[in-house]
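Visitor: I would like to see how the labels used for a structure follow from their cut-offs. Please take me through this one.

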Amino acid sequence: KHGQVERSAAWLQRMPSLGVEPDVMSYNAVIDACARSGEVEQAEEWLGRMQEFGAVPNVVSFSSVLHACARAGEATRAEA
């Protein structure tokens with residue numbers, strides 16, 4: 001499963017060199033891959049990167065990060 005995170009992140013990072021600007025859906029795909037792999041810190045990092053690059057998080061973005069927290073058994077982290 002961790003390979004999915006690496007592959008999706010690699011594609012997202014490659015998009016600008018192909019003339020495609022990542023949008024909220026692109027970032028959500030990476031955040032979701034992190035969530036499915038239980039990678040809470042990476043999910044949070046990608047949420048931050050998304051905002052740094054001007055993409056506005058939506059309900060899917062936040063839901064995916066919450067899913068990552070729940071999957072990792074870190075409910076208190078989700079409250080922060």
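Visitor: Which exposed residues are carried by the face of H3 turned away from its buried side?

Guide: Glu41 and Glu52 are the exposed residues on that face of H3. Exposed means over 50% relative accessible area, buried under 20%, and partly exposed in between, with a 1.4 Å probe and protein chains only. This is a predicted model, in which local features need pLDDT of at least 70 and side-chain atom pairs count only at pLDDT 80 or more, while totals for chains, interfaces and linings use all residues. Residues are numbered from 1 along each chain as its sequence is written, and side-chain values use heavy atoms, leaving out hydrogens and water.

Visitor: What makes the buried residues of H3 line one face?

Guide: The buried residues are Val40, Ala43, Trp46, Leu47 and Met50. Seen down the axis of H3, they fall within an arc of 130°, so they line one face of the helix. The arc is taken from the directions from the helix axis to the C-beta atoms.

Visitor: Why is asparagine 28 called buried?

Guide: Asparagine 28 has a relative accessible area of 8%, so it is buried. This residue belongs to helix H2 (residues 24-36). Helices are DSSP runs of H or I with at least four residues, strands are runs of E with at least two, and both are numbered from the N terminus.

Visitor: What does the side chain of asparagine 28 make a polar contact with?

Guide: Its partner is the side chain of serine 61, at 2.6 Å. A polar contact is a pair of N or O atoms within 3.5 Å; within protein, one must be able to donate a hydrogen and the other to accept it, and residues adjacent in sequence count only if both atoms are side-chain atoms.

Visitor: How do you know that the span of H4 agrees with what it should be?

Guide: The expected span is 1.5 Å times one less than the number of residues. The 13 residues of helix H4 (residues 59-71) should span 18 Å, and the end C-alpha atoms are 18 Å apart, so the two agree.

Visitor: Which residues touch the most other members of the largest nonpolar core?

Guide: Ile31 and Trp46 do, in a core of 19 residues. H2 gives the largest share, 6 residues. A nonpolar core is a set of buried Ala, Val, Leu, Ile, Met, Phe, Trp, Tyr and Cys residues joined through side-chain atoms within 4.5 Å.
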